[in-house]
Amino acid sequence: MHKLDITKRKELNNSEFGLPQERAFPMPDAAHVRTAEAYFRYAPDTEKTELARNILLKAK
């Protein structure tokens, strides 16, 4: 899996994150989308709806 370093993470647009307001769950590529799916259960319950929607959008 491609590791996302701090410099590249800072360069990502907010739209590349599963939770853009928190800049959490970065998803710049397919591997990171799969990682976001794997870590979905650790997201706050109040944010899961938005995160699920964003994962599905990026998965397409």
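I took accessible areas from the Shrake-Rupley method with a 1.4 Å probe, and for residues only the protein chains shown count as cover. On that basis I noted that the chain exposes about 4,300 Å², with carbon and sulfur atoms supplying 54% of it.

**Basis of the entries.** I am working with a predicted model, in which local features need pLDDT of at least 70 and side-chain atom pairs count only at pLDDT 80 or more, while totals for chains, interfaces and linings use all residues. Residues are numbered from 1 along each chain as its sequence is written, and side-chain values use heavy atoms, with hydrogens and water left out.

**Overall fold.** I looked up the secondary structure, where helices (H or I, at least four residues) and strands (E, at least two) are DSSP runs numbered from the N terminus, and found three helices and two strands. Read from the N terminus, their order is α-β-β-α-α. The radius of gyration, taken over C-alpha atoms, is 11 Å, close to the 10 Å that the globule rule gives for 60 residues, so the chain is as compact as a globular protein of that length; the rule itself is 2.2 Å times the number of residues to the power 0.38. The C-alpha trace spans about 30 × 20 × 20 Å along its principal axes.

**Burial and helix α2.** I call a residue buried under 20% relative accessible area, exposed over 50% and partly exposed in between (1.4 Å probe, protein chains only); buried residues make up 32% of the 60 in the chain. In helix α2, residues 30-38, I found A31, H32, V33 and A36 buried, and the buried residues of this helix pack against β2 (24-26) and α3 (48-59).

**The loop between α2 and α3.** Y39 is in this loop and is partly exposed, at a relative accessible area of 46%. I also checked Y39 against N14, 25 residues away along the chain, and their C-alpha atoms are separated by 19 Å.

E47 is found in the loop between α2 and α3 as well. Which side chain of opposite charge is nearest to E47? It is R53, 8.3 Å away, and E47 is buried yet has no salt bridge, a salt bridge being a side-chain nitrogen of Lys or Arg within 4 Å of a carboxyl oxygen of Asp or Glu. For charge, Lys and Arg count as positive and Asp and Glu as negative, with His and the chain ends not counted. Leaving aside neighbours within four places in sequence, E47 is in contact (heavy atoms within 4.5 Å) with L19, Q21 and E22.
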